[in-house]
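This report goes through a protein chain by topic, from charged pairs to the sheet and the surface. The sequence and structure come first.

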Amino acid sequence: MSQRLSSSHRKPVTEDERFLAQGPRERRAFTKTDSWRVLRIMGEFVEGFDTLSDVYSAVTVFGSARTPPDDPAYEQAVETARMLAQEGFPIITGGGPGIMEAANRGCQEGNGLSIGCNIELPFEQGLNPYVERAIDFRYFFVRKTMFVKYSTAFVVFPGGYGTMDELFEALTLIQTGKVKHFPVILFGRAYWQGLVDWLRDRVAGEGKIATTDLQLFTVTDSPAEAVAIIRQARERRTQASPPVDTETP
């Protein structure tokens, strides 16, 4: 309890914490600092867009930062990313260790473009050595925008809260029509099966989602199957007429 109280009263150490803090001290600072933070947030968007402006048909790989190299999921992530890179897909990760490192490593082995979108955290998370093009973000929501904007598929390996957050945000964007339907692949049937059963039996069973929403993702244990799904989706996109952008800058 004492540890929890002390941590709740400590000074915010990341920009996300400062931005979201609601204590009296932060409330006084709100009128002085938050409007200026908009410029910093805008700068992060500009940097991300500039750095990734030449990236097309990328695949984002999510998964736990705690996955060690001797975990089977690590090698499966290496193999999946290697095969995707050989098919011409750039690979985007959060840039950290674990599954992210495995995917960036596989991308390099496949001679692909290996991208890491790193995030400021209260504890250190340096870029893994397999990132070729790196961007550092202070704000999670800016970083998430980059994942979605420059990706045409998500491959989600076993992970924790952060992985779940990224998975369900992608599914929500597809379900609500905010982005066009692109492949979301859950890798590791044994890991994800309990969640899939719960979504089917409880969530869809009680009408909280439509049964068709269960078709927004695919579960597999095969790198080859994952790559085939993503490749086929790319082929369908190239056969379709490109949309006309009528927006003014």
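## Glu87 and Arg231

In this predicted model, Glu87 is partly exposed, as its relative accessibility is 30%. Its side chain meets that of Arg231 in a salt bridge, with 3.3 Å from N to O. Arg231 belongs to helix H9, while Glu87 sits in the loop between H4 and strand S2 (91-93). The two are 144 residues apart, so the pair links distant parts of the chain. Arg231 also counts as partly exposed, at 26% relative accessibility.

## Other salt bridges

The structure holds 14 salt bridges. One of them joins Arg82 and Glu109, whose closest N and O atoms are 2.6 Å apart. This pair, too, links distant parts of the chain: Arg82 is in helix H4 (residues 72-86) and Glu109 in helix H5, 27 residues apart. Arg82 is buried because its relative accessible area of 18% falls under the 20% limit. Glu109 is partly exposed, with a relative accessible area of 36%.

A further salt bridge is formed by the side chains of Asp221 and Arg189, at 3.8 Å from N to O. Asp221 lies in the loop between S7 and H9, and Arg189 lies in helix H8, so the contact ties together parts that are 32 residues apart in sequence. Both residues count as partly exposed: Asp221 has 43% relative accessibility, and Arg189 has 36%. Elsewhere, salt bridges with shared partners join Glu79, Arg82, Arg105 and Glu109 into one network.

## The sheet

Seven strands make up an open sheet with parallel pairing, in the order S4-S3-S2-S1-S5-S6-S7. Strand S4 (133-137) and strand S7 (218-220) are the edges, each pairing on one side only. From one strand to the next, the twist averages 25°. Strands of a sheet pair through backbone hydrogen bonds, in either a parallel or an antiparallel way.

Ile185 has Thr218 in S7 as its bridge partner.

## Helices on the sheet

Which strands does helix H9 touch? Helix H9 (residues 223-239) packs on the sheet and touches S1, S5, S6 and S7. Its direction makes about 175° with that of S6. Helix H8 (residues 189-204) lies across strand S5 (151-156), S6 and S7. The angle between H8 and S6 is about 115°.

## Nonpolar surface patch

Trp36, Leu39, Met42 and Val46 form a nonpolar patch on the surface. Together they have about 440 Å² of accessible area. Val46 is located in helix H3. With a relative accessible area of 42%, Val46 is partly exposed.

## Positive phi in loops

Which backbone value stands out at Ser57, given that it is not a glycine? Ser57 has a positive phi of about 55°. The residue is found in the loop between helix H3 (24-51) and strand S1 (58-62), and it is partly exposed at 24% relative accessibility.

Asn111 likewise has a positive phi, of about 60°, although it is not a glycine. Its loop lies between helix H5 (99-109) and strand S3 (114-119). Asn111 is exposed because its relative accessible area of 73% is over the 50% limit.

How values were computed. Residues are numbered from 1 along each chain as its sequence is written. This is a predicted model: local features need pLDDT of at least 70, side-chain atom pairs count only at pLDDT 80 or more; totals for chains, interfaces and linings use all residues. Side-chain values use heavy atoms; hydrogens and water are left out. Helices (H or I, at least four residues) and strands (E, at least two) are DSSP runs, numbered from the N terminus. Buried means under 20% relative accessible area, exposed over 50%, partly exposed in between (1.4 Å probe, protein chains only). Patches are made of residues with over 30% relative accessible area and no salt bridge: like charges are joined within 9 Å, nonpolar side chains (Val, Leu, Ile, Met, Phe, Trp, Tyr) within 5 Å. Accessible areas come from the Shrake-Rupley method with a 1.4 Å probe; for residues, only the protein chains shown count as cover. A salt bridge is a side-chain nitrogen of Lys or Arg within 4 Å of a carboxyl oxygen of Asp or Glu. Two strands pair if DSSP finds at least two bridges between them. Axes are lines fitted to C-alpha atoms, for helices over the stretch in contact, and angles run from 0 to 180 degrees between N-to-C directions. Contact means heavy atoms within 4.5 Å.
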